[in-house]
Amino acid sequence: MTLLCVRSTKAQIGEYRNEFAIGVNGGASLSTVAFTPEVPQNQLVGKTLGLTLRYNGEKYFKSICSVVAEVNYTQMGWKERIWDVNDQPVINSATGVAEEYSRIVNYIQVPFFARLGWGRERQGLQAYFQIGPQLGYYLNEKTEANFDLDHPNTTDRVSHVSGPDIGETHFSNMYHMSVENKLDYGIAAGLGVELSLRNVGHFMVEGRYYFGLANIYGNTKRDYFAKSNYQGIVIKATYLFDIIKSKNPKIK
């Protein structure tokens, strides 16, 4: 009986796979920047789209083990929350409308994931979790504002970080500060559901969280911001089609 159990266990571990799929992804990126000193913000909604590659290597017990890589164009940044002490939007005296400001920063991002999936591989549903490092390289940036960036209404604001004179050292206006560190990096993790249709492909919907470990501005004693790293949520859909498939009748 013991020998039978051992053989049964061995049969369940390490079921070999050699499957490679490629496809496209797209969705929305909701990001903020964790500034110290704090800059009040709402999430900036941007877009993300790119190429996805996946390799399925083995199945341990019921867990399908994969490696996933993406190359994406993604919009990151922040949208300032310009409110007064009464928790109301600050009105620009020249235009009579609430002041709005956002910074959109465009990146090429390359995440690498170790993925575990549970469920069907060829026909049906599969749930999955993936986690891994992410690299991003700065492309360009743009500002969207409805007021004169050199003369914001700093009198009524709760926060004066973004005013023309930042701190005791009279640092240059934050609105004119370009991203200093072009390389971004951090950790990303996501949960998703995959629908596989035989001879058609794989359709996925995923929610992902990203925590940046790099600062977009300098953080030395001479710099104003001690911290300025990205945090964000990505919601995306992906379609993959098989390039290489294992000839294994046990795969369902």
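Select T52, R54, V68, E70, R115, Y128, Q130, M204, E206, R208, T238 and L240: they line the second largest cavity. This is a predicted model, where local features need pLDDT of at least 70, side-chain atom pairs count only at pLDDT 80 or more, and totals for chains, interfaces and linings use all residues. Residues are numbered from 1 along each chain as its sequence is written, and side-chain values use heavy atoms, without hydrogens or water.

A cavity is a set of points, on a 1 Å grid over the protein atoms alone, where a 1.4 Å probe fits but cannot get out; lining residues have an atom within 4 Å of a point.

Stay with your selection. The second largest cavity has a volume of about 70 Å³ (the space filled by probe spheres set on the points, which are joined across faces, edges and corners). Its lining holds four nonpolar, three polar and five charged residues (Asp, Glu, Lys and Arg are charged; Ala, Val, Leu, Ile, Met, Phe, Trp, Tyr, Cys and Pro nonpolar; the others, Gly among them, polar).

Now colour the strands (DSSP runs of E, at least two residues, numbered from the N terminus). Strand 8 gives the largest share of this lining, three residues. Strand 3 (44-60) and strand 6 (124-145) are among those that supply at least two each.

Next, select T74, Q109, Q134, Y210 and V234. Of the 16 residues lining the largest cavity, these are the closest to its centre. About 100 Å³ of space lies there. Show strand 4 (63-80), strand 5 (101-119), strand 8 (201-212) and strand 9 (227-244): each supplies at least two lining residues of the largest cavity. By class, that lining has six nonpolar, seven polar and three charged residues.

Finally, zoom out. The model has four cavities of 30 Å³ or more.

Note on methods
1 Å grid on protein atoms, 1.4 Å probe; cavity = no way out; pocket = protein on both sides within 12 Å on 5 of 7 lines; lining within 4 Å. Helix = DSSP H or I, 4+ residues; strand = E, 2+ residues; numbered from the N terminus.
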